[in-house]
Amino acid sequence: MDHKAEVLPTLCAGEASGLRKISTMRQQNRGLPVSEGGIVFLGTKPPAMHAFKLAGRNTVITRMHVPQAYSAYSVPDPDWITLHIPISWDGTYVFDGREARAGEAFLTNSPNGYTTTGENRDALTLGPRRDALEAAMRSLLGRCADSFDFRASVLRPSPVLMRAIAAQINAAIEAEASQEARQELHFMHEVVERDFLDVLALEFRTALRSNSKYNGLRRRAV
């Protein structure tokens, strides 16, 4: 069964989306706030992965398409928060032991990282730095707050956030001279990133009021 979350209608897997062919998770994690990660391919198809990476000082946006059935894990830097947004997949897509449904996203900041399994999956990962996001949220709220509750949660990203992500990706792709010169890591301008953090602050302020908490599987237990 094919699943699609209608969140990025302007982007699709392949050359038009700006995805760059990669061969290893180490290559994908290079330049990102990731402590470690790995992937195991299942089945008989030859391994193939395509990815996109956009990074600022306080924000990271990545996209990865994996055609084969696989099992993977990732351990982000503890100072960063991860919002994992599945776009499309075949069969069952599992994040930290929980089966994904169309339109859902998974918030995590576990020091053990997170695990994913799936087949023919296309997914976004949004990574704001915790202190920068909290500062933007305090500014939005107009008051002081000691901390915010970023425990493992299931969210439904708003159309405003998804349009903002698509705009950042499309702007980076349009700035490329050619597909042959496609960069391994795109960079987000400081002013653009500040505006994007404001969108994130509004998104998290709304989402944290009504999100559904869950207990994810620890990577070492898996």
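To get a volume, grid points are joined across faces, edges and corners, and the space filled by probe spheres set on the points is taken. Searching the whole structure turns up three cavities of 30 Å³ or more.

So what lines the largest cavity? There are 28 lining residues, and Asn29, Thr62, Ser74, Tyr114 and Thr125 lie nearest its centre. Helix H1 (25-29) and strands S3 (34-42), S5 (59-66), S6 (69-76), S7 (82-95) and S10 (114-128) each give two or more residues to this lining; helices (H or I, at least four residues) and strands (E, at least two) are DSSP runs, numbered from the N terminus. S10 gives the most, with seven residues. By class, the lining has 17 nonpolar, nine polar and two charged residues. In this scheme Ala, Val, Leu, Ile, Met, Phe, Trp, Tyr, Cys and Pro are nonpolar, Asp, Glu, Lys and Arg are charged, and the others, Gly among them, are polar.

## The second cavity

The second largest cavity has a volume of about 70 Å³. Its lining includes Arg20, Ile22, Lys53 and Glu184. Strand S2 (20-22), H1 and strand S4 (49-55) each supply at least two lining residues, and S4 gives the most, with three. The lining of this second cavity splits into three nonpolar, four polar and three charged residues.

## A look at helix H3

H3 covers residues 159-174, which makes 16 residues, and spans 22 Å from its first C-alpha to its last, close to the 22 Å expected at 1.5 Å a residue. (The expected span is 1.5 Å times one less than the number of residues.) Which residues of H3 are buried? They are Leu161, Met162, Ala164, Ile165, Ala166, Gln168, Ile169, Ala172 and Ile173. Buried means under 20% relative accessible area, exposed means over 50%, and partly exposed is in between, with a 1.4 Å probe and protein chains only.

## Salt bridges

The whole structure holds eight salt bridges, each being a side-chain nitrogen of Lys or Arg within 4 Å of a carboxyl oxygen of Asp or Glu. In one of them, Asp122 pairs with Arg63, and the closest N and O atoms are 2.4 Å apart. Asp122 sits in strand S10 and Arg63 in strand S5, so this pair ties together parts that are 59 residues apart in sequence. Asp122 is buried at 4% relative accessibility, and Arg63 is buried too, at 2%.

Glu104 and Arg98 also meet through their side chains, at 3.0 Å from N to O. Glu104 is buried at 7%, whereas Arg98 is partly exposed at 22%. Then there's Glu190 with Arg194, whose closest N and O atoms are 3.5 Å apart. Both lie in helix H4 (residues 190-210), four residues apart, or about one turn of the helix. Glu190 is exposed at 51%, and Arg194 is partly exposed at 44%. Elsewhere, salt bridges that share partners join Arg30, Lys53 and Glu184 into one network.

## How to read the numbers

Residues are numbered from 1 along each chain as its sequence is written, and side-chain values use heavy atoms, leaving out hydrogens and water. Since this is a predicted model, local features need pLDDT of at least 70 and side-chain atom pairs count only at pLDDT 80 or more, while totals for chains, interfaces and linings use all residues.

Methods: On a 1 Å grid over the protein atoms alone, a cavity is a set of points where a 1.4 Å probe fits but cannot get out, and a pocket is an open set with protein on both sides within 12 Å along at least five of seven lines; lining residues have an atom within 4 Å of a point. The expected span of a helix is 1.5 Å times one less than its number of residues.
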